Amino acid sequence: MDSFTGIRFKKETAKRFQEFSRTHFKSHTEAMSTMLEFFFYNEISPKEKLGPTGRTIEASIKKRINAVIAIMRDMEKTQTKPTVAMIESLFQTEEPKKKPLILEKKTMEEKSKVRFQEKKNHNNEL
């Protein structure tokens with residue numbers, strides 16, 4: 001059986017550790033052992049700050065994403081849409097007006113029509 005050693009802590013610190021240990025570990029020994037392994041493995045001191053927390057990182061990323069979205073919307077309004085409209089206007093061609101084609105049949109029909117006729121009344125003289 002393992003032997004135990006008593007360590008003296010202030011009551012407030014001991015209560016906080018016991019609550020933490022009960023919620024995350026099976027025993028106080030396992031909690032302390034895991035915490036020590038964490039600090040030794042990562043070669044950090046408990047007094048060091050690890051930098052920004054997950055929430056602050058998330059907030060800064062959201063700000064940057066919103067800034068990028070704003071830049072893209074501005075580019076779309078000022079550059080992309082006008083350029084696309086100009087290019088489309090260049091490629092749009094108006095349909096040519098439909099002019100009647102000159103065909104031989106029509107000219108033949110026009111020629112077949114008599115433009116001048118002789119008077120039927122023979123009494124009129126020129």
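Predicted model: local features only at pLDDT ≥ 70, side-chain atom pairs only at ≥ 80, totals over all residues.
The protein chain contains four helices and zero strands. Read along the sequence, these elements follow the pattern α-α-α-α. Of the 126 residues in the protein chain, 2% are buried. The accessible surface of the chain amounts to about 14000 Å², and carbon and sulfur atoms account for 58% of this area.

Helix α1 spans residues 11-24, and helix α2 spans residues 28-42. The axes of α1 and α2 come within 9 Å and cross at roughly 95 degrees. Because angles of 65 to 115 degrees count as roughly perpendicular, α1 is roughly perpendicular to α2. The two helices meet through residues from each side: Phe17, Gln18, Phe20 and Ser21 belong to α1, whereas His28, Ala31, Met32 and Met35 belong to α2.

Met32, one of the α2 residues that meet α1, also takes part in a nonpolar patch on the surface. The patch is formed by Ile7, Phe9, Met32, Leu36 and Phe40, and together these residues have about 560 Å² of accessible area. The relative accessibility of Met32 is 31%. Since partly exposed residues lie between the limit for buried, under 20%, and the limit for exposed, over 50%, Met32 counts as partly exposed.

Note on methods: Residues numbered from 1 in each chain as written. Heavy atoms only, no water. Patch = residues over 30% accessible without salt bridge, like charges linked within 9 Å, V, L, I, M, F, W, Y side chains within 5 Å. Areas by Shrake-Rupley, 256 points an atom, 1.4 Å probe, with all protein chains shown as cover. Salt bridge = Lys/Arg side-chain N within 4 Å of Asp/Glu carboxyl O. Buried < 20%, exposed > 50% of the residue type's maximum accessible area, 1.4 Å probe, protein only. Axes fitted to C-alpha atoms, helices over the stretch in contact; angles between N-to-C directions. Parallel < 35°, antiparallel > 145°, perpendicular 65-115°, else oblique. Contact = heavy atoms within 4.5 Å.
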